[in-house]
Structures are given as C-alpha cells and as structure tokens.
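Please keep the structure open while reading.

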Amino acid sequence: MASVSITNVRKDYGQLEVLHGVDIDIRDGEFVILVGPSGCGKSTLLRMIAGLEDISSGSISIGGRVVNDIAPKDRDIAMVFQSYALYPHMTVEANMGFSLKLAKAPQEEIRRRVSEAAQILGLEKLLDRHPRHLSGGQRQRVAMGRAIVRQPQVFLFDEPLSNLDAKLRVQMRSEIKQLHQRLKTTTIYVTHDQIEAMTMADRIVVMHDGVVEQIGSPLELYDRPANLFVASFIGSPGMNLIHGRVSGSGPIEFIGDGGARLPLPEWVNVKRDAEIVYGIRPEHLTLADTGAETEVVVIEPTGSETQIFARMSNDEMLAAVRERVRVRPGDMLRFRPDLNKLHLFDAATGQRLAPTG
C-alpha cells in the first residue's frame, strides 16, 4: 500500500488547459473518489496517475516516489476500466493470471494468487468459463480479480459500474467497498454518479471545469458544501436553491426573486438587501400550519417518503416528507424550513456564508 500525492498538476492540449493546478493528498489505505460532471477532468487525472497521460506540469508521487517519468507498468498500480477488457478466448483463470504470466511469475504462484482472488470475489466455480458465458457483474468481478492478483500499491477504478443495470450497480458498490475493507489497498475511484461517491468513499474530491471545488468526507460535503456547485451536485434529490435577497427593512427575512418569503436564522450577518442564495434540502422541510404557502405541482411517492414538487410564488421547491400525505396537484400547503439545516451562499461568488457564532 502507498500514499498518493498530487501537487499542482496541470494538463493542457496545446492552448486548451483542462486541469488547472490540482492538489490532492491521498493517505495510505484510503478510498478516495473523484466525482464531477462529464468533462470536469476526473478521468484525465486518473489516467495521469496511471501513466496513460503525460503531465504538463506539477508532480504525482506514489509511495513517496515521483512517477512523472516512470512507465505505467513500473508504477505498481492496477487499473479497472469502464469496459471489462477481458480476452474473449481465455478462461476466467487465464484472464486473471495473464499479467503475472507476462511478468514470468512461477506457475505455482500464479495459481495461488488467482485462487485467492477468486475466493475473495466468489469466482471459484467460474474459473473454467469464458467471458461470453458470464453476466456483466461476473465480468466486472473478473476484471477486479485481474487487478487483485497483481497485489499493487494502488487500485485505480475508472467508472467501473456504468455499464451495469441499476440493481447490479447497488450490489457491486457493496462488493467493491467490502473488497477495500478486506484488502485495505489505497484506492482512487472515478465516477460521475454522486450516489456511488456518497456510499463508498472515505473522502470525496468534487471536481468542476478542471479544478477541485471541495475535498471531504461524504457527510462533510453533504452537511457543509463549500459553494453553490457542491451544494447543487451532492445530494439526491438535490438541494433547493432559491435566489433572492435579505429584506431591506422590517423583520429580517429572505425574499426570493419570485416573491417567496422565508425565515432566516439569528446567525445571519449580512447587509440588508444583500443578494444571497437560500439553500435547504428537501428532507429539511416539514409540513406546517404557518410558513410560505406553496401550490402542489407533482407528487412522487417512493414508499419510504413522498416527494412533493411545489411552486412558491414564482419559485420552485421540492419537499421530501416521511409521513403519508393525501394531496393532489393544485392543493395548497405550507412548509417550515429547519433553520439549523439551512445553507446560505453569496450570490456573486457562490461561496458559503458561515455562521458568525
């Protein structure tokens, strides 16, 4: 196992710069996920760690050794791709042991390592099969087994679950997390799916347009997003973000651009008429007798909760309530935000406004 240090890493293609000075320190044995929308630079960064892309400037260290000019095969990493990339004419056993065969490892050692990996992944009964006889989930486990047998310092995963159906993705998320808990190998995992990031990572790196927006544990990012981008990206369903301003006179309150009026907590320390963004997660809105009146637009029962899409003046709001509610589109409801769970952002910079106390 090894730590990974990414220091002021930049990547450009001619005049186009796609990574703008990325700094990330990954601890030995940590499971870190790079997450962000398509085009944010996360896969490019992963390929640079693997040695499949050149580094324009900056440095990448694995286990204290700078690897900028070291060939991929000599970096002591193993990568699992989005595509399984299995040899169709080889059995599962041959696929898993192929890299060791190329390295001229003794045949007995190859058999031992393949057997150990197959046991970890539940592939013992599939070793004689060919990839065409396997399901998608089984093929992904074989790809993971091929990485495990190398016993690398670092595992790199590039969107490994994106080709699987929804139910299988949930299963494989659990299997990959259990695998990390068992092997404790430093793992860097790329995905655009923030649910994968929230459920699997020790820490998440949120990327956007080639820069790191925030690094933290899943709950740190969920509870205290540093800016509007992180607030809008992390969480499903997403956070309600309403643009408006602080009231200019009278009791201090928030007035949305669409006319909605919402309460503000005592810790707010911004000027009257200051333009801000009011953020509240759907589960932090509760039905109440007082508060902003909203018109129900769509109801989505999910079983564990009911999601209510509503219009508040000309602003839209989503509430997720646990209780069974009998409402229909057009009904009028009132919601009360939990002010202890409120998020406020500067409208100009997008940065979080922190409590003053």
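A patch here is made of residues with over 30% relative accessible area and no salt bridge, and nonpolar side chains are joined into one patch within 5 Å. The model is a predicted one. By that definition V297, V298 and F309 form a nonpolar patch on the surface, with about 190 Å² of accessible area together.

**Surface patch**
- V298, one of the patch residues, sits in strand β15, which covers residues 285–301.
- The relative accessible area of V298 is 36%, making this residue partly exposed.

**A buried lysine without a salt bridge**
- K42 belongs to helix α1 (residues 42–50).
- Although K42 is buried, this residue has no salt bridge.
- The nearest side chain of opposite charge is that of E159, 4.4 Å away, whereas a salt bridge needs the nitrogen and carboxyl oxygen within 4 Å.
- The K42 side chain does reach the backbone oxygen of G36, at 3.0 Å.
- Leaving aside residues up to four places away in sequence, K42 touches several others, including L34, P37, V190, H192 and M207.

**Salt bridges**
- Side chains of opposite charge can pair when their charged atoms come close.
- The structure holds 14 salt bridges.
- K11 pairs with E53, with 3.6 Å between the closest N and O atoms.
- K11 is buried, at 7% relative accessible area.
- R113 and E109 form a salt bridge in which the closest N and O atoms are 2.5 Å apart.
- Both R113 and E109 are in helix α3 (residues 107–121), 4 residues apart, which separates them by about one helical turn.
- R113 counts as buried at 14% relative accessibility, while E109 counts as partly exposed at 24%.
- In the salt bridge between D202 and K177, the closest N and O atoms are 3.5 Å apart.
- D202 is in the loop between α6 (194–200) and β9 (203–208) and K177 is in helix α5 (residues 166–183), so the pair links parts 25 residues apart in sequence.
- D202 is partly exposed at 32% relative accessibility, and K177 is buried at 17%.

**Whole chain**
- The protein chain has 8 helices and 19 strands.
- Of its 357 residues, 47% count as buried.
- The protein chain exposes about 17,400 Å², of which carbon and sulfur atoms supply 47%.

Conventions: Residues numbered from 1 in each chain as written. Predicted model: local features only at pLDDT ≥ 70, side-chain atom pairs only at ≥ 80, totals over all residues. Heavy atoms only, no water. Patch = residues over 30% accessible without salt bridge, like charges linked within 9 Å, V, L, I, M, F, W, Y side chains within 5 Å. Areas by Shrake-Rupley, 256 points an atom, 1.4 Å probe, with all protein chains shown as cover. Helix = DSSP H or I, 4+ residues; strand = E, 2+ residues; numbered from the N terminus. Buried < 20%, exposed > 50% of the residue type's maximum accessible area, 1.4 Å probe, protein only. Lys, Arg positive; Asp, Glu negative; His and termini not counted. Polar contact = N/O pair within 3.5 Å; in protein donor to acceptor, adjacent residues only side chain to side chain. Contact = heavy atoms within 4.5 Å.
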